[in-house]
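Open the model in your viewer, have the sequence panel ready, and let's walk through it one selection at a time.

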Amino acid sequence: MKAGVLYSGGKDSSLAAILLGTYYEVELNTFVFDPLRQIPSVEAAAGALGYPLKKRVFKEGMIEEMADLVIAKGYPNDAINAVHRAAVESLAEEYDVVGDGTRFDDRVPMLQRDAVQSLMSRTGCSYVRPLLGIPRREVDRLADQLLVVNNGETGTITNGDYEAEIRDAIRARGLDPAPLFPSHHEQSLVVGRKNN
């Protein structure tokens with residue numbers, strides 16, 4: 001059975017894919033706002049894991065809606081959660097099993113229990129989050145055993161995270177996105193898989 005896994009190219013979604021790959025035929029899915037956006041580093045990360053990758057495009061105009069939401073709220077959480085929900089909903093239309101790399105101590109993106117129950121009832125899919133019970137220190141330990149990972153501040157790592165495009169959309173309006181997002185937000189990008 002196929003599992004459609006949301007994939008940023010980072011360590012969390014990579015570990016989720018590896019764990020799900022034990023039981024399912026994994027297909028990685030990276031969502032972008034701009035259909036012309038190239039994602040070579042995410043493609044390379046998927047290649048290192050050995051899973052096929054599909055680039056998906058959000059509906060036209062969604063990036064502007066999300067930029068508006070971040071500016072109106074003064075923080076990105078609601079926008080990131082809305083984007084994540086849209087991605088999960090989209091995959092649920094195609095796959096019987098949908099997975100992602102949200103983990104125990106994540107606040108964003110995170111679908112709450114009632115939203116997950118609604119999704120599964122409406123679509124018939126199973127939404128699987130294999131890292132949900134695993135705290136960050138254990139995710140880091142597993143990643144260190146299995147993956148070669150580059151880390152850096154948002155904007156210095158070119159992964160498939162939603163945040164970079166939302167920041168760019170705000171910047172295109174002549175606004176500085178930095179005050180609207182948490183400072184010192186670390187991103188990761190998988191650049192290889194260790195031979196164990």
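Start by selecting residues 40–49, which form helix α2; color S41, V42, A45, A46 and L49, the buried residues of this helix. Buried here means under 20% relative accessible area, exposed means over 50%, and partly exposed is in between, with a 1.4 Å probe and protein chains only. Helices (H or I, at least four residues) and strands (E, at least two) are DSSP runs, numbered from the N terminus.

Before going on, a word on what you are viewing. This is a predicted model, in which local features need pLDDT of at least 70 and side-chain atom pairs count only at pLDDT 80 or more, while totals for chains, interfaces and linings use all residues. Residues are numbered from 1 along each chain as its sequence is written, and side-chain values use heavy atoms, with hydrogens and water left out.

Now look at the face of α2 turned away from its buried side: there you will find the exposed residues P40 and G47. Next, show what the buried residues of α2 pack against: α1 (11–20), β2 (25–32), β3 (53–57), β6 (147–153) and β7 (186–193). Contact means heavy atoms within 4.5 Å.

Two strands pair if DSSP finds at least two bridges between them. Zoom in on β2 and β3, which pair in the parallel sense over 5 bridges; F31 has R56 in β3 as its bridge partner.

Which residues lie nearest the centre of the largest pocket? Select D106, V108, P109, D161 and H185, which are among the 36 residues that line the pocket. A pocket is an open set of points on a 1 Å grid over the protein atoms alone, where a 1.4 Å probe fits, with protein on both sides within 12 Å along at least five of seven lines; lining residues have an atom within 4 Å of a point. The largest share of the lining, 4 residues, comes from α4.

Finish at P109, in the loop between β4 (97–99) and α5 (113–123). The peptide bond that joins V108 and P109 is cis, with omega about -10°.
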